[in-house]
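Let's take a friendly walk through a protein model, one part after another. Have the sequence and the 3D view open as you read.

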Amino acid sequence: MDRYLVFGHPVRHSKSPFIHTLFARQTQQELEYGLAEPAVDEFAHALRTFFDQGGKGCNVTVPFKEQAFTLVDCLSPRAKRAGAVNTIKLTDDGVLLGDNTDGAGLVADLKSHGVTLADSRILLLGAGGAARGALAPLLAELPSELVIANRTHTKAQQLAAEFHDLGPVTAQTYEQLAGPFDLVINSTSASLQGELPPLAPALIHTDIAIYDMMYGASDTAFISWAKQHGARQTMDGLGMLVEQAAEAFTVWRGIRPGTKQVLRELKRNLGVI
Ligand code: ATR
């Protein structure tokens, strides 16, 4: 049977096996999908061993995405832009192809929630790997403006300069931000420390869409905060997780699974509904 897995550390709580097993059942693909948690300095060896032993493809998550970028034989254009690889496929020619489906997953999830990206003013919080992966797919949707704000302003400036050729992207400090924005995307890891990005409450209004790439069994700190200040449309990163997985599955198997039912089952599994 064709073998796939996700590499990460820690990875025990990954939902990827659950999601891909449901995709396989739904599309009647024969495959198995597992977990691998190599020590941080043993990822390269573990990856090589997996493919030497017949593995067909894998996902890569924190903290290995940047390393995976350097280990594959060739990169898709979107992985090159993201500077990170979350999906690897062994092609029929024996080539390890590195791809990145995170940004496409974000855009697909935003669209499935009915969020309009064309001609919109988007505020992206954070300038780490998650923000970098989102930029090209967001700019491809032709927003009127995309502003990056980051605690360390120089990182936002660097990122804006790097993606300037793809669309109207600028960097502003949190203090400089002036609304109204149509969509705010939180790509920071602030909630992992129970913190909030230092965003002025005045930027939140009833018609704004709020997206947090994080997710949990209950509202993330950022979503709770945005609701308190009047946001009516809030979305967490669970849908992005399922959509990036669907995109990876499509890369591997050439067949696109449906995501709605899988997202519902995942929510049930997490105790969200
Ligand atoms: P990821 O790959 O998930 O993006 P990362 O590369 O470590 O992770 O980036 C984390 C992002 O969250 C950074 O933009 C970070 O800001 P700095 O560049 O200033 O470090 C941001 N971040 C983390 N904690 C934050 C906090 N408490 N408030 C605001 N931003 C925070």
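This is a predicted model: local features need pLDDT of at least 70, side-chain atom pairs count only at pLDDT 80 or more; totals for chains, interfaces and linings use all residues.

Two strands count as paired if DSSP finds at least two bridges between them.

Strands of a sheet pair through backbone hydrogen bonds, either parallel or antiparallel. Start with strand E1 (residues 2-7) and strand E3 (residues 57-60), which pair in the parallel sense over four bridges. Within this pair, Val6 of E1 has Asn59 in E3 as its bridge partner.

**The parallel sheet**

Which order do the strands of the other open sheet follow? The order is E9-E8-E7-E10-E11-E12, six strands with parallel pairing. Its edge strands are strand E9 (169-171) and E12, and each of these pairs on one side only. From one strand to the next, the twist averages 20°.

Zoom in on strand E11 (residues 209-212) and E12: they pair in the parallel sense over four bridges. Here Ile210 stands opposite Thr234 in E12. Helix H7 (residues 153-163) packs on this sheet and touches strand E8 (145-149) and E9. The direction of H7 makes about 165° with that of E9.

**Two helices that cross**

Two packed helices are described by the angle between their axes and the distance between the axes. Helix H1 (residues 16-27) and helix H10 (residues 260-270) have axes that come within 10 Å and cross at roughly 140°. The crossing of H1 and H10 is right-handed. On the H1 side, the contact is made by Phe18, Ile19, Leu22, Phe23 and Gln26. H10 brings Val262, Glu265, Leu266 and Asn269. Sorted by class, the contact has six nonpolar, two polar and one charged residues.

**A pocket to explore**

Next, find the second largest pocket, which holds about 230 Å³ of space. How many residues line the second largest pocket? There are 16, and Ile223, Thr234, Met235, Asp236 and Lys267 lie nearest its centre. The elements that give two or more residues to the lining are helix H8 (221-228), strand E12 (233-236), helix H9 (238-253) and H10. E12 gives the most, with three residues. By class, the lining has six nonpolar, six polar and four charged residues.

|---|---|---|
| Val62 and Pro63 | about 5° | Pro63: between E3 and helix H3 (65-71) |
| Gly179 and Pro180 | about -5° | Pro180: between E9 and strand E10 (183-186) |

You can find Gln28 in the loop between H1 and E2.

Finally, look at Val40, in the loop between E2 and helix H2 (43-52). Which residues does Val40 touch, leaving aside those up to four places away in sequence? They are Pro63, Phe64 and Gln67. Pro63 is also the residue joined to Val62 by a cis peptide bond. For a sense of distance, the C-alpha atoms of Val40 and Val147 are separated by 34 Å, and these two residues are 107 residues apart along the chain.

Note on methods. Residues are numbered from 1 along each chain as its sequence is written. Side-chain values use heavy atoms; hydrogens and water are left out. Axes are lines fitted to C-alpha atoms, for helices over the stretch in contact, and angles run from 0 to 180 degrees between N-to-C directions. A crossing is left-handed if the near helix is turned anticlockwise from the far one by less than a right angle, and right-handed if clockwise. Contact means heavy atoms within 4.5 Å. Ala, Val, Leu, Ile, Met, Phe, Trp, Tyr, Cys and Pro count as nonpolar, Asp, Glu, Lys and Arg as charged, and the others, Gly among them, as polar. On a 1 Å grid over the protein atoms alone, a cavity is a set of points where a 1.4 Å probe fits but cannot get out, and a pocket is an open set with protein on both sides within 12 Å along at least five of seven lines; lining residues have an atom within 4 Å of a point. Grid points are joined across faces, edges and corners, and a volume is the space filled by probe spheres set on the points.
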